[in-house]
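This report describes one protein chain for a reader who is new to structures. Please look at the sequence and the model before reading on.

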Amino acid sequence: MLEQLNARADAIGGRAAGDTAARLAERVRDGVPGISVSADGDRVILSGRGLWRRWLADPALRWLGGLLR
């Protein structure tokens, strides 16, 4: 019984993580121009020319969780 409960919790958590990653990717696309964004499962992948330099200069890129509010 505990295994079923753990499996159900893992499934619910996985769906929530995937939904959050998709929502974050959409908000980064809208809020940060010139950056390529893709959501892969529960991960958000950013790419683009000069991304490291922009990450250092732009607080929105350093604190991506703030875009979820």
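Predicted model: local features only at pLDDT ≥ 70, side-chain atom pairs only at ≥ 80, totals over all residues.

Residues are numbered from 1 along each chain as its sequence is written, and side-chain values use heavy atoms, with hydrogens and water left out.

**Confidence**

The score pLDDT is the predictor's confidence in each residue, from 0 to 100. The protein chain averages a pLDDT of 91, and 100% of the residues score at least 70. Helix 3 (residues 59–62) has the lowest confidence, at a mean of 84, while helix 1 has the highest, at 94.

**Overall form**

The protein chain contains 3 helices and 2 strands; here helices (H or I, at least four residues) and strands (E, at least two) are DSSP runs, numbered from the N terminus. Along the sequence the pattern is α-β-β-α-α. The radius of gyration of the protein chain is 15 Å, well over the 11 Å that the globule rule gives for 69 residues, so the chain is more spread out than a compact globule. This radius is taken over C-alpha atoms, and the globule rule is 2.2 Å times the number of residues to the power 0.38. The C-alpha trace spans about 50 × 20 × 20 Å along its principal axes.

**The core**

Of the 69 residues in the protein chain, 14% are buried. Buried means under 20% relative accessible area, exposed means over 50%, and partly exposed is in between (1.4 Å probe, protein chains only). The largest nonpolar core has 9 residues, including Leu24, Ala25, Val28 and Val37. Helix 1 (residues 2–31) gives the most to this core, with 3 residues. A nonpolar core is a set of buried Ala, Val, Leu, Ile, Met, Phe, Trp, Tyr and Cys residues joined through side-chain atoms within 4.5 Å.

In helix 1, Ala21, Leu24, Ala25 and Val28 are buried. The buried residues of this helix pack against strand 1 (36–40) and strand 2 (43–47). Leaving out residues up to four places away in sequence, Val28 touches Val37, Leu46, Leu64 and Leu67, where contact means heavy atoms within 4.5 Å.

| Residue | Relative accessible area | Class |
|---|---|---|
| Trp52 | 61% | exposed |
| Trp55 | 32% | partly exposed |
| Ala16 | 42% | partly exposed |
| Arg43 | 48% | partly exposed |

Trp52 and Trp55 both lie in helix 2 (residues 51–57), 3 residues apart, about one turn of the helix. They form a stacked aromatic pair, at 5.0 Å centre to centre with 15 degrees between the planes. Rings of Phe, Tyr and Trp (its six-membered ring) pair if their centres lie within 6.5 Å; planes under 30 degrees apart count as stacked, over 60 as edge-to-face and the rest as tilted.

Arg43 is found in strand 2. Apart from neighbours within four places in sequence, Arg43 is in contact with Ala21 and Ser38.
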